[in-house]
Every structure is written in structure tokens, then in C-alpha cells.
Protein chains: 2
Amino acid sequence: MAFLNRGAGTMGQTNPPFMSGVPELLLLRLLAQREMYGYELVKSIRLVTGEAISLGEGVIYPVLHNLERGGALKAKRRSVDGRTRVYYRLTAKGRKRLDRLHGEWQRIESGISAALGPVNHVST
Amino acid sequence: MAFLNRGAGTMGQTNPPFMSGVPELLLLRLLAQREMYGYELVKSIRLVTGEAISLGEGVIYPVLHNLERGGALKAKRRSVDGRTRVYYRLTAKGRKRLDRLHGEWQRIESGISAALGPVNHVST
DNA sequence: CACTATACCTCGTAGCACAAGGTATATCAA
DNA sequence: TTGATATACCTTGTGCTACGAGGTATAGTG
């Protein structure tokens, strides 16, 4: 069935692993509440997830850059106390992307929930 | 800080991506209910997740083999209608692994839930 | 003056999930 | 008979994500 290749072209294009994009989702979500800078986002993610998820700067910064390049975020450099911060703000495009990713996540999450089980509540 | 390398040894050992291991979790969970064979598991995952998650044979079989090698599963070949099936059964070790992965998943899932939002309920 | 915290960044790599393809048998239809 | 479809197993190569490590620079503290 190699002939019904998705994108056409040179071949060999794989779909992103089904569980990926969570870092992106978290970033977009946080930035939907207020504008923040990278280092702050790193700390914030650990905080809001109750230490459950801890993403390093090596994960955050590249994602931030990608999102900006894609037009989902707008960056603004600002100097505070002699330190340069890069603040990110969600654009309309980013908002849409957030909604899409959010939906995808919910689908997956509820799928897994269903598989993991009835959770053995008190039965009727 | 390269000196506080986790396992010691040759260097360069990375942690598994924080969201991985879900295929494994699903397989273990299904096999905790009853013994099944590979091809059946492929279909089953699509079913129980309500089409939300669809893992191909290229994902399932290798994971199955790994789990068996690790002693979490016990395999048994059986011939049905002239077709050879490899049935997998959960071992005690597999049961423990399932519980561990299940716990980890819950931690992560609730972390993400928390981040994604209070869901804007009626506030006090 | 060293150490820690803040704040940005990039590079190399490990590991995972993926598509594609390959083997073989059974069933059904043309 | 031939071909297609479904069952049932498998492995190989690769794309991509997330990861750790490391690098720069400034500010504050002991």
C-alpha cells in the first residue's frame, strides 16, 4: 500500500507519535492566562502540575521558538533589573492551536481512561 | 554537572520521555483481564479506547516481545484453525509493573488536568 | 571572590512510536 | 485458477520528541 502515501513527495514521512505535543499544550495553556517568559514557564509548569511534570529549559525554549515561528506566539524582549526577559503572548492563531490540542488531548485521555478501566466504583 | 550521571558507565543515558510507556500500560491492562494474542490486542486497543488510540502491529509486537523478555508476560503458542497464535498471559511481575505504570500515569494525568485548568467551575 | 539564582540559548543523542514491507494460511468470489 | 481480503505473525529503517549537558551573562549574597 505504499502508493497511498500521505503527503506525497520523497517518501518516509511519519506521523508524530500519538502522545506528543503535551509540552506545547501546557505552554499554550499557561500563556492563555497571562504573558510569561521562558524561565518563568519552566518553573510554572512544575508548580501547576504539582511536581508531576518537570520540563527542563532544553525542552521549553525550543518549543517556544517553534511556536513563535509558527505565529502562535508573539515575543517581546523586556529588561527587568538588568536582566533580559523574553515575554511571550498568545496570538489568535495560538488560541486556535490551543483549542485543537486541548481537544486532542481530551480524546486521548478519555480513551486511556476507558481502557484503564471502570475504576471499580461502588457498583449499582 | 556531568559527574553525577545516573547509571555511571559510558555516559549519555537519557531518561525515557515523560509521556511514554502508554502502549505498554494498555497492553498490561488488557492482559490483566484475560489472556490474548497479539493481533487481537491490536484490535482490542482500538475498541476499548473508542477509536481514540490506534496502535499498529509495528508498535504492539515489539512491546510484547520486550515485556516477555523482561518476565512480565508469559507466551504460549497455540494453533487455532490452522493459524498460529501467540497468547500472552500476565505474570506476577507483570502485575506489579502494571500497578507501577498505572500509578505513574495517574500522576501525570492529574498533573496535566490541574494545569489545563480549574475547568472554570462555579467559584465559591 | 566564589557561589547561587536568574535568564537566555544550542547541540547531540536516546528512545519511542511509526509506516512499510515481508511471510504464511484461510476464505470467498470471479 | 487467480485474485482479493482477513487473519496472524514478524523485522527494519526512520522521523521526531523530549532530554541532558553545557555554554553565556548578569545580579545578589556570604
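Arg95(A) comes out as partly exposed in this predicted model, with a relative accessible area of 38%. Its side chain meets that of Asp99(A) in a salt bridge, at 3.2 Å from N to O. Both residues belong to helix α4 of chain A (residues 92–116), where they sit four residues apart, or about one turn of the helix. Asp99(A), at 42% relative accessibility, also counts as partly exposed.

Elsewhere in chain A, salt bridges with shared partners tie Glu35(A), Lys76(A) and Arg78(A) into one network. Arg78(A) reaches Glu35(A) with the closest N and O atoms 2.5 Å apart. This pair links distant parts of the chain, since Arg78(A) is in strand β2 and Glu35(A) is in the loop between α1 and β1, 43 residues apart. Lys76(A) bridges to Glu35(A) as well, here with 4.0 Å between the closest N and O atoms. Again distant parts of the chain are linked: Lys76(A) lies in strand β2 of chain A, 41 residues from Glu35(A). As for accessibility, Glu35(A) is partly exposed at 25%, Arg78(A) is partly exposed at 32%, and Lys76(A) is partly exposed at 41%. Over all chains, the structure holds twelve salt bridges.

Turning to chain B, three strands make an open sheet in the order β1-β3-β2, with antiparallel pairing. The edges are taken by β1 (36–37) and β2 (73–80), each with a single partner strand, so one side of each has no neighbour in the sheet. Strand β1(B) is joined to β3(B) (residues 83–90) by two bridges, and Tyr37(B) has Tyr87(B) in β3(B) as its bridge partner. Helix α3(B) (residues 57–69) lies across β2 and β3 of chain B, running at about 125° to β2(B).

Chain B also shows a helix pair: α1(B) (residues 22–33) packs on α2(B) (residues 38–48) at an angle of about 95°, with the axes 11 Å apart. The two helices are therefore roughly perpendicular to each other. On the α1(B) side the contact is made by Leu26(B), Leu27(B), Leu30(B) and Leu31(B), and on the α2(B) side by Leu41(B), Ser44(B), Ile45(B) and Val48(B). By class, that gives seven nonpolar residues, one polar and no charged ones.

How values were computed: Residues numbered from 1 in each chain as written. Chains lettered and ligands numbered in written order. Predicted model: local features only at pLDDT ≥ 70, side-chain atom pairs only at ≥ 80, totals over all residues. Heavy atoms only, no water. Axes fitted to C-alpha atoms, helices over the stretch in contact; angles between N-to-C directions. Parallel < 35°, antiparallel > 145°, perpendicular 65-115°, else oblique. Contact = heavy atoms within 4.5 Å. Nonpolar A, V, L, I, M, F, W, Y, C, P; charged D, E, K, R; others polar. Pairing = 2+ DSSP bridges. Buried < 20%, exposed > 50% of the residue type's maximum accessible area, 1.4 Å probe, protein only.
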